Amino acid sequence: MLTSFDKALLNIVQTDLPLAKRPFAELAARLGTEEAAVLERLQYLKDNGYIRRMGPFFDSTKLGYTGTLVAVKVAPEKLADVARFINDYPGVTHNYEREGEFNLWFALLTPDLSLQEQILASIGAREGVEKMLNLPATKKYKVSVQFKLE
């Protein structure tokens, strides 16, 4: 169960985490508590599935990166192994299982197309990978969701 403190904390960290040497100390001051209390609650919220990830979002195209979404058909008994293999690449932002012929999808960012091709060839050669569909980004969509917790 979320406390009122948890809700206030989550409202702030979604879009207003301070860019500071000690951002959690600044959050604590705003919330009238100690830095240790903020860190403890954030860990609790992460451990209990309220927070999946905390980190910055960068405009990858302005940094020179190329993005693609990849759909993979994986033999069901190899799905976990292939997902772990894919996750080992630093440019993989996330992957997820889906229903249908292409049962594993992932997003990949690379500094150039050559590296992207090498990574996709390596994944395509992995045992259990039956088919792969590369869907390069042609248009950028900014998705920004903020959950206002009362």
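The following legends describe close-up views of a predicted model.

**View 1. Threonine T110 and the residues around it.** T110 belongs to strand β3, which covers residues 104–110. With a relative accessible area of 1%, T110 is buried, because buried means under 20% relative accessible area. The side chain of T110 reaches the backbone oxygen of D112, and the distance is 3.0 Å. When neighbours within four places in sequence are left aside, T110 is in contact with G64, Y65 and T66, as well as with L115, Q116 and I119.

**View 2. Serine S60 in its loop.** S60 is found in the loop between α3 (35–47) and β1 (66–74). The relative accessibility of S60 is 11%, so S60 counts as buried under the 20% limit. Not counting residues up to four places away in sequence, S60 touches Y65, L109 and K140. Y65 is also among the residues in contact with T110.

**View 3. The pairing of strands β1 and β3.** These two strands, β1 and β3, pair in the antiparallel sense, and 7 bridges join them. V70 has its bridge partner in β3, namely F106. T110, the residue of View 1, is also placed in β3.

**View 4. The pairing of strands β1 and β4.** Strand β4 consists of residues 129–136 and pairs with β1 in the antiparallel sense over 7 bridges. For K73, the bridge partner in β4 is K131.

Technical notes
Residues are numbered from 1 along each chain as its sequence is written. This is a predicted model: local features need pLDDT of at least 70, side-chain atom pairs count only at pLDDT 80 or more; totals for chains, interfaces and linings use all residues. Side-chain values use heavy atoms; hydrogens and water are left out. Helices (H or I, at least four residues) and strands (E, at least two) are DSSP runs, numbered from the N terminus. Buried means under 20% relative accessible area, exposed over 50%, partly exposed in between (1.4 Å probe, protein chains only). A polar contact is a pair of N or O atoms within 3.5 Å; within protein, one must be able to donate a hydrogen and the other to accept it, and residues adjacent in sequence count only if both atoms are side-chain atoms. Contact means heavy atoms within 4.5 Å. Two strands pair if DSSP finds at least two bridges between them.
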